[in-house]
Amino acid sequence: MFSISKLLSTSYRAITAGSAALLLSGIVISSASAADIATTYNNSCAACHDSGALNAIKKGDSAKWQQLIKQKSMPTLIKSVKGGMPQMPAGGLCDKCSDDDYRKLIEYMSK
Ligand code: HEC
């Protein structure tokens with residue numbers, strides 16, 4: 001005999017298993033890229049932006065970063081890093097960063 005309750009419990013299990021997988025894949029993707037940004041920051045930008053060497057704006061000085069982002073806008077700041085500044089080498093010592101990586105690095109430093 002056809003059992004509606006069996007059908008319901010089977011599809012309920014399928015739905016919860018499916019959304020758990022979705023949730024998990026979301027967590028894995030976002031934590032992996034956050035870790036990459038932290039590593040890239042440490043390898044490329046930290047030399048100057050951690051200590052404020054050469055008058056670089058320090059990581060975590062969010063008031064200064066927010067002001068700069070407002071003044072110049074994010075696309076301009078990304079261009080500055082790519083093209084270099086008087087005291088900052090072009091690319092900020094990162095040879096494989098994309099525009100999106102630079103945006104994430106700037107956001108990371110501004111927190
Ligand atoms: C060799 C030191 C050095 C490194 C490495 C470095 N910076 Fe800089 N950065 C500076 C200095 C110094 C300034 C201030 C401007 C100047 O005097 O050249 C600056 C300014 C900036 C600015 C502001 C630009 C503007 O238009 O005002 C951004 C954004 C920035 N750095 C991002 C980065 C990122 C992202 C990285 C890593 C990929 C990085 N920097 C690596 C020294 C450095």
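Ser44 sits in helix 1, which spans residues 4-49; helices here are DSSP runs of H or I with at least four residues, numbered from the N terminus. The model is a predicted one, in which local features need pLDDT of at least 70 and side-chain atom pairs count only at pLDDT 80 or more, while totals for chains, interfaces and linings use all residues. Residues are numbered from 1 along each chain as its sequence is written, and side-chain values use heavy atoms, with hydrogens and water left out.

With a relative accessibility of 8%, Ser44 counts as buried (under 20% relative accessible area; exposed is over 50% and partly exposed lies in between, with a 1.4 Å probe and protein chains only). Leaving aside residues up to four places away in sequence, Ser44 is in contact with Gly92, Leu93 and Cys94, contact being heavy atoms within 4.5 Å. The Ser44 side chain also reaches the backbone oxygen of Leu93 at 3.3 Å. Gly91 is 47 residues from Ser44 along the chain, yet their C-alpha atoms are 9.0 Å apart.

Attention now turns to the metal site. His49, through NE2, and Met88, through SD, coordinate the iron atom of the ligand at 2.0 to 2.1 Å. This pair joins distant parts of the chain, since His49 belongs to helix 1 and Met88 to the loop between helix 3 (74-83) and helix 4 (99-109), 39 residues apart. Donors are N, O and S atoms within 2.8 Å of the metal (3.2 Å for Na, K and Ca), and water is not among the atoms, so sites may look incomplete.

His49 is buried, at 11% relative accessible area, whereas Met88 is partly exposed, at 21%. A polar atom of the His49 side chain lies 2.7 Å from the backbone oxygen of Ile57. Beyond four places in sequence, residues touched by His49 include Tyr41, Trp65, Met88 and Met109.

Met109 leads on to helix 4, where Tyr102, Leu105, Ile106 and Met109 are buried. Viewed down the axis of helix 4, its buried residues fall within an arc of 100 degrees, so they line one face of the helix; the arc is taken from the directions from the helix axis to the C-beta atoms.

Methods:
Helices (H or I, at least four residues) and strands (E, at least two) are DSSP runs, numbered from the N terminus. A polar contact is a pair of N or O atoms within 3.5 Å; within protein, one must be able to donate a hydrogen and the other to accept it, and residues adjacent in sequence count only if both atoms are side-chain atoms.
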